[in-house]
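Please have the model open as you read.

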Amino acid sequence: MSVGHIFYILVPIFFVIILGWLAGHYKSFDASSSKALNSLVTKFALPAHLFIGITTTSRKSLIEQWPFLLALFIGIVGFYAVLLLVGRFAVKQSVKDASMFALNSAQPTFAFMGIPVLGAIYGSSAVAIPIAITGIVVNAVLDPAATIIATVASRNSGKERNGHLGKLIWDSILHGLREPLALVPLIGVILTLFGFHSPDLLNKSFNQIGDITSGAALFAVGVTIGVRNISFSITAIAIALLKTIVQPLLMLLIAYLCGLSSADTVKAVLLVSFPGSAVAAMIATRFESLESETASAFVISAVISLVTLPVLISLLV
């Protein structure tokens, strides 16, 4: 792909992000309204968009995506597990801090940048399933796992921990599955596997909200960056570099080992190369663990992606 084409794809995307940053920086949006904007995208617009994308896909095409699911699982959940062990035993972090460090290094902001970036390359209809698969992996597996580990680590009483561990695991999994970004695509996958194909009227109804996904998501990323303060700590920089450079390179190797097609390889690598997730930073805040570092890493990784995304696209596409 030529430099001019890459420039043509990314400039409108980063323009909307910068517009959102200006809105957040100059207080047109505050932290509360930023959260509401994020909820609009993740709980309504994007799930609707993904549902239609999945349920207008053939059953055969969906089944053929299992290698992609395996690659994403290894590249995201596996990456989290490795960093958790490294943080705990090599860096000597507490279990809770190691979990939050690993989570923020492994979870991409796929929900906000997947449609506009990949859609500009392949068309929005072609990327609905890969993004839905990523949503299921992140919201139904990664976030519950990180939450369970951090919660267990926060408890001091071994007796209490053992008595409630099973309920904690079950509640965390259910919480992840209740998230529309996991539940709605999962319902779409199940319906499609049973032969359901979304009718035209349902498509038009869902698209009324789903069509705002791209612009609203990018604007929300910018607002989230604009309302946060940046701290250039070693931990924040390490998270950002792991997220935008190390994880995409590892995903490239994983995609090769899983035998993905060239197009699916590009999609998998780009999906994990996006900046760190604001949701992951919010989870760290919930546990009062690496709060400043993870929030800063989200901003730093967004800036780094201004360089890494064009490079990756030029090399892969």
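Helix 4 passes helix 7 in a right-handed crossing, meaning that the near helix is turned clockwise from the far one by less than a right angle. This is a predicted model, in which local features need pLDDT of at least 70, side-chain atom pairs count only at pLDDT 80 or more, and totals for chains, interfaces and linings use all residues. Residues are numbered from 1 along each chain as its sequence is written, and side-chain values use heavy atoms, leaving out hydrogens and water.

**Helix packing**
- Helix 4 (residues 66-90) packs with helix 7 (residues 124-154) at about 25°, their axes being 10 Å apart.
- Helices here are DSSP runs of H or I with at least four residues, numbered from the N terminus.
- Helix 4 and helix 7 are therefore roughly parallel (angles under 35 degrees).
- Helix 4 also meets helix 12, with axes that come within 10 Å and cross at roughly 130°.
- Helix 4 passes helix 12 in a right-handed crossing.

**Surface and contacts**
- I74 belongs to helix 4 and is partly exposed at 36% relative accessibility (between 20% and 50%, with a 1.4 Å probe and protein chains only).
- From I74 to L250 the C-alpha distance is 9.8 Å, although 176 residues separate them in sequence.
- L250 is one of the residues in a nonpolar surface patch that also includes I230, F232 and L249, with about 670 Å² of accessible area together.
- L249 lies in helix 12 (residues 234-257) and is exposed, at 51% relative accessible area (the cut-off is over 50%).

Conventions: Patches are made of residues with over 30% relative accessible area and no salt bridge: like charges are joined within 9 Å, nonpolar side chains (Val, Leu, Ile, Met, Phe, Trp, Tyr) within 5 Å. Accessible areas come from the Shrake-Rupley method with a 1.4 Å probe; for residues, only the protein chains shown count as cover. A salt bridge is a side-chain nitrogen of Lys or Arg within 4 Å of a carboxyl oxygen of Asp or Glu. Helices (H or I, at least four residues) and strands (E, at least two) are DSSP runs, numbered from the N terminus. Axes are lines fitted to C-alpha atoms, for helices over the stretch in contact, and angles run from 0 to 180 degrees between N-to-C directions. Angles under 35 degrees count as roughly parallel, over 145 as roughly antiparallel, 65 to 115 as roughly perpendicular and the rest as oblique.
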